[in-house]
Amino acid sequence: MKNIYLISMIMVLTITSVSAKNRQTTQDYLSLKWKQVSTKMPAEWYGTEDAKLVAENVLLSQKEIGGWEKNKPYHHAFSESEKAHYIQDKSEIGATFDNGATISELRFLAKVYSHFRDDRYKQAFEKGLNYIFISQYENGGWPQFYPYKGDYADHITYNDDAMVNTMKFLFQILDDSKEFSSLQINKNQQDKAKKAFDKGIQCILKTQIVVNGQPTVWCAQHDEKTFAPANARAYELASFSGSESVNIALLLMKIDMPSKEIIAAVNGAVKWFEANKIEGVKLTQETDKNGKKNRIIVKDKNASPLWARFYDLETGKPYFCSRDGIKRNSLAEISYERRNGYGWYTNTPEKLLIKYPEWRKKVNAK
């Protein structure tokens, strides 16, 4: 009798623990950003009733053209007015790849489909995949927004890794990633994905900035007709990008049996990053006399290397910009709002420099 009691208590405690864990997971996902919920939850979460509820929002908010808007909390319950908004706007506005949009939703649909096999998820995924195909320029680039808006969003967009995220997605489809295995992507779609990816690589090679015959890095966006570095927002002027260029180079390094052009592109980018690292300083915060946090650069001989987000195309020196579009030489010279509301420095090139020697050895061995 005592053993039965103990077993019963263990079962109650286990059920209570699981129930508490589920409640905690629910609470956690509602407190997170959509970007995290869409792709970074535990694998089993995508098989929960919560995930199914979120999937209904993702289906409802998909545009007729196949993509999604950016910066929307699709994991939160939609009010009746929000539902009406998404239904009304399905065909009135286009979609975007900015800030992870469209690719995040497609990855989410693949995850929930692997658990529930709901044909609506697969159909929405295929529609989104087709959006990737139709929005690609013939020259291989992708705009930030499609259909075209007639502004900087029409440019070939590397900014915030928009094009790289799209190409990494296609690469995984071609690489038989487990993430998409349950969808059983057909040969026609795989062929289209390969063609789109290959064209994207050619676009990357054509847009790489060449100085004195040597390939360097890329701008955050390039003109969709001439491939030249292009301006975006007032403070995002044409430049050498110390940020977006990192993941472009890392994408090229993923390619098996790379061509001479790809090898030269990676070598050129790495050489540029080595030559343009900023040493002996670090980015930190101070509290000003009004109690406001303020970003500053201070000397520190032990600091890890930094790179500026933007380097001037003529001088090669870092520059900083307020919303007036005037280049300035230091972070301290721009407005408080832009100084503290934008990422002007990065350390991401370090991961490229760490991976490069092994990649170089691998390439030389082939």
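**Salt bridges in a predicted model**

Glu-69 and Lys-72 form a salt bridge (a side-chain nitrogen of Lys or Arg within 4 Å of a carboxyl oxygen of Asp or Glu), and their closest N and O atoms are 4.0 Å apart. The model is predicted, so that local features need pLDDT of at least 70 and side-chain atom pairs count only at pLDDT 80 or more, while totals for chains, interfaces and linings use all residues. Residues are numbered from 1 along each chain as its sequence is written, and side-chain values use heavy atoms, with hydrogens and water left out.

**Exercise 1.** Determine whether Glu-69 is buried or exposed, and classify Lys-72 likewise.

Solution. Buried means under 20% relative accessible area, exposed over 50%, and partly exposed in between, with a 1.4 Å probe and protein chains only. Glu-69, at 15% relative accessibility, therefore counts as buried. Lys-72, at 27%, counts as partly exposed.

**Exercise 2.** Find where in the chain Lys-127 and Glu-64 lie.

Solution. Begin with the contact itself, a salt bridge in which the closest N and O atoms of Lys-127 and Glu-64 are 3.3 Å apart. Lys-127 belongs to helix α6 (residues 119-135), whereas Glu-64 sits in the loop between α3 (49-61) and α4 (80-88), so the pair links distant parts of the chain, 63 residues apart; helices here are DSSP runs of H or I with at least four residues, numbered from the N terminus. Lys-127 is partly exposed at 31% relative accessibility, and Glu-64 is partly exposed at 46%.

**Exercise 3.** State how many salt bridges the rule gives.

Solution. Applying the rule gives a count of 21 salt bridges.

Conventions:
Helix = DSSP H or I, 4+ residues; strand = E, 2+ residues; numbered from the N terminus.
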